[in-house]
Amino acid sequence: MRVSTTEIFQSSLTGMLNQQSTLNNLSQQLSTGNALINPASNPVANAQVLNLSSKIANLGSYQQSNQFAQQDLQLSSSTLQSVGTLINQVQQLAVQMNNATVSSSDLQNAETTMQGNLQQLVQLANTQDANGSYIYGGSQSGVTPFQLQGNNQVQYLGDSGQKNLEIGPGLTTAVSQAGDSVFMNIPAGNGSFTVTAANTNYQASASGVASGVGTTTLGPGTVINSAVANDQFVANGAQYQVTISNNGTSGMTYSVTSGTGTAGSAGWSASSGTVTSGSYTPGQDIAIPSTAGGTPFISVPTNGQPGTDPSTATFTLAAAQPQSLFQTFNDLVSALQAGDGSPGANTQRAQGISNVLANLSQAQTTLLSTQSQIGSQLQQAQSVQTLNTSLTQQFQTTQGTIADISYPQVITQFQQSTTALQAAQKAFAQVQGLSLFNYI
Amino acid sequence: MSGISGIVNTALTGLQAAQDALQITGNNIANVNTPGYSQENVVQSNAIPTFIGGQYYGNGTQIASVQRSYSSFLQGQVWTATASASGQATLSSSLQQVLGVLSSGSVSTQVSQFFSGVAQVAASPSDLPARQSMLSNAQNLSATFQSLGQQLASIGTGINQQIGQSVTQINSLTQQIAQINGQIASTQGNGNSVPNDLLDQRDQLVTQLNSQVGVQMLKQSNGQTNIYLSNGQVLVAGTQAFALQTQPSAYDQQTSDVAYASNGADITNNITGGTLGGLLQFRSQSLNPAENGLGQLADGIAGALNAQQSQGLNLNGTSGTAIFSTGAVQIFGNQANVGSGSIAISGRITNAGALTASDYMLTNTGGGNWTLTDRGSGQVVSTTSGTISGGVTTLNFGSSGFSVSVSGAVSGNSFLVEPTRLGASGMQTILTNPSGIAAASPYVSSTGAMTSGGLVNTNLGNMTLSAGGYVASGSSGGVVVSGLSSFPTALQVTITNGGSGGAAVGYQISSGSGGTGILASGTAVLGGSGSTIDIAYPSPPGGYWQVNLSGSLAASGDAFTLSPGGAGSNGNAQAMTALATSHVMANNTTTFNGSAAQLITQVASQAGQAQNSAQAQATVLQQAQASQQSVSGVNLDQEAANLILYQQAYQAAAKAISVGNTLFTSLIQAL
């Protein structure tokens, strides 16, 4: 083909410019290590890189939440461990004091210790995290949740709100425990019903003597048929009164009457009559049916016997209301103070401590289940963290495969282009030297 | 003629022909670098011979014509290729600008960072530094959107300027072509000679014109050419050039359209190829969709977060207010609209998740009916008569995510609706107080009743009140609590009769404790899925806070408290965090980051395509030029050879004259 002189210049120039542009592109790739400097060169790969980036960013966000979650859970776990230790101490103290031989100074010391324990418990329950938020206040993290009143009662100003965090795609875990579920809503007694001794059990009449006061204690009892127990105690609001009488020479008897009352109200009417009765042997279990002659649904163990004055001991069995750990501590204080110096003091204390021990064991159960829950949540958080870390690495590797250049390949291309450019330049110079005018 | 004078005269014609040929060769050499110049050749023929004595004696040579080496087919290919290559190159370089803006702005990084801040608030809802950092991230996010939106808009302004420049150049070129047409026509009739240089100049002007806009040429019998746009609209007819002008679009006054200068007839949609075609294609197919896509993302993020914000409580215990604001729905009326009185029209985004990147034409078709058409595809999206109240017609295009309120419009009026165009450039973070972040759930469910400020739980049964969540519409059979004097008001749920197993227990919901201010009551079947309670939000945002009361054992008097979420509640912040990975964009099909990636990928693909196509067209153009040059270009070696050829011819002719001269001299001396 005939070639015009301008065309020779033009095509050589275009060739060199193209090679230069390729070289520039390759050298940019070499200096950044990124194959996608211009997203237009490979839109699909660029989209993949963007998607991977946002996935990595999301995982980063989950990891961040995960760390917060682990911090929160660990703080709660260690706090609850201290609470557990405290409960153990109180349990030991209660067992020590449940003894007829303790002196009144022992009792006083124990009482002082318990006051300290109560304050320590309030302090633990009011634990704050690094940001000054109360970790057991539910959603009311800015308010001191547990307020110790003058009468040793503790008021809960928080709520049942629980903090959840998303630590993985679609994986939400609770990272806090509301204070009321840990410290307040502990089932009392055996979890189904509580035993309350009448104060008169341990009080001799004006003319009575200390030796005349009996030693009867009751409870905490077991549930034989929980469905019936629920029906009776909760749904119907039924209560049972156990009366153990010392009839002198004609022996000892017990009788149980049932009645209904409005839940939460102190008064109740034992109008439904006697459901069971019989002769009483100290230490025996009294099995109680819901109606006379029916199958027993609960059973309460007894201990001791009434004295001569008073000659009867009365106990009320009622549905177990949730009882706070503070109240249990306080109950122990009351039990230690109970009837100090009065004739039935030991018995009264024994009944009180028996109830407290039952409640403490309920508290331990609640605490342990909370702790095991925290433990499993921690474990979950940790394994999700490991998973997310490896997933992040995997995404980063994939991203690298797509976006990073292969150095050998690019260097080879670079050298090829350099050679081609040099050749084009040399060819240009030589072709330009070729002219017929040189020879005429 | 014969004899000695014949020798001289014949040689003289050769001498002249060689001289002329040398001049042409010189002209070729001189024009070796003139764009559009076609190599010229002399066409020599022998002169008419003389018949003497029964013999024909040649009379030398003559120059029949000066021809340019030209192929109209190859020149036509150059023109077509020029128009395509120039159009694609413009498109490609403009797209690179948009791509540069979008990929350097890194919307996705900002979105991820913002949500990482939200996650921190979710982790420490009462921590003010975390809240402050979330707001700073929000400001960065909105500033990024704003800056990207404005950069895209300024590219649009630049496009208007470039269109203007291109039109000016087109006018100048068509004017020159018309002039040359005139000159060519006036040379008609000068024998069979052709004004080669004028033709070359005109061809070169047409090449230049093609680089501005794709045109077609039609030769006329008088040597003039008419120039048309690719769809047949005339730019040059003989000696008359029809000037173009830029004028504000009929709808958007900020957009330049192309029209005839004489009558203002809009020909924007008829222009293809060349710089102008590339610019117009870029604006309608790449820039506007990119602006809309960015706006759609901004609107989507703002819509979803503002909605979530309104469902929760801030640190002051009141409902959250909007975090972001975005640019308004942009509506332009046609300049020709004449309504009854003044036309007032405005738009509002009703569902950011349903928005698309489309622009719409809204037309009053008469009889109170309105038709919404997708501007890009031309498809009818919706036909509605709307609802009229107080003279204002409200047209709700829920499936497109926006509504329009209009008054004073009559049949035939049409409007351009751009729901998302300003979304990004107008995006702002309007929440400035970190306490204003609504991290808390409106209600926290607690077991027990509020007694003198404290939570007291004396419940005997095992009923629980679920933590609850937001629902847009209440469940059937749910107990609805509505008409609260303020939201959220603390509520108490109290069981009114005990029960176990499968029994149904009643409950009442009151605003005060102890059965005062009863708002609603219901029954829950024990052991089942429980009873749903829907507490109505005020509107906006509307919807309900839904909790569930369930369990298998209940005692009369068991109570539950629904109290406003406190500083430590992170329910709503958690829901905000979840938005990062929820499919809330484009009718719940993609995430924010997915949408951002889609936007960039769309632009990157277009840019990639344009780049490839520009390269391909450039190669086509190069080949066309090479082919055309192989015919019309000047080759200096060839000219050098010609120089020698004609020089020798000249020398030989001169020698012949010299021989004639010698003959004469010999003859005269012999006398």
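The expected span of a helix is 1.5 Å times one less than its number of residues. With that rule in hand, here is a tour of the predicted model.

**View 1. Helix α1 of chain A, end to end.** This helix covers residues 5–32, 28 residues in total. From first C-alpha to last, α1(A) spans 41 Å, close to the expected 40 Å. Look just past its end for Gly33(A), where phi is positive, at about 75°.

**View 2. The buried residues of α1(A) and their neighbours.** Thr5(A), Glu7(A), Gln19(A), Leu26(A) and Gln29(A) are the ones to find here, as they are buried. The buried residues of this helix pack against α8 (407–433) of chain A, and also against α8 and α9 of chain B.

**View 3. Chain A as a whole.** Eight helices and 15 strands make up the secondary structure listed for chain A. Its C-alpha atoms fill a box of roughly 160 × 50 × 30 Å along the principal axes. The radius of gyration is 41 Å, while a compact globule of 440 residues would have one near 22 Å. Buried residues account for 40% of the chain.

**View 4. Where chain B meets chain A.** Here 71 residues of chain B are in contact with 65 residues of chain A. Several elements of chain B each supply at least two residues to its side of the meeting, including α2 (72–105), β22 (443–447) and α9 (636–670). The largest share, 13 residues, comes from α8(B). Sorted by class, this side of chain B has 26 nonpolar, 43 polar and two charged residues.

Conventions: Residues numbered from 1 in each chain as written. Chains lettered and ligands numbered in written order. Predicted model: local features only at pLDDT ≥ 70, side-chain atom pairs only at ≥ 80, totals over all residues. Contact = placed C-beta atoms within 7 Å. Helix = DSSP H or I, 4+ residues; strand = E, 2+ residues; numbered from the N terminus. Nonpolar A, V, L, I, M, F, W, Y, C, P; charged D, E, K, R; others polar. Rg over C-alpha atoms; globule rule 2.2 N^0.38 Å. Buried ≥ 20, exposed ≤ 12 C-beta atoms within 10 Å, placed from the backbone.
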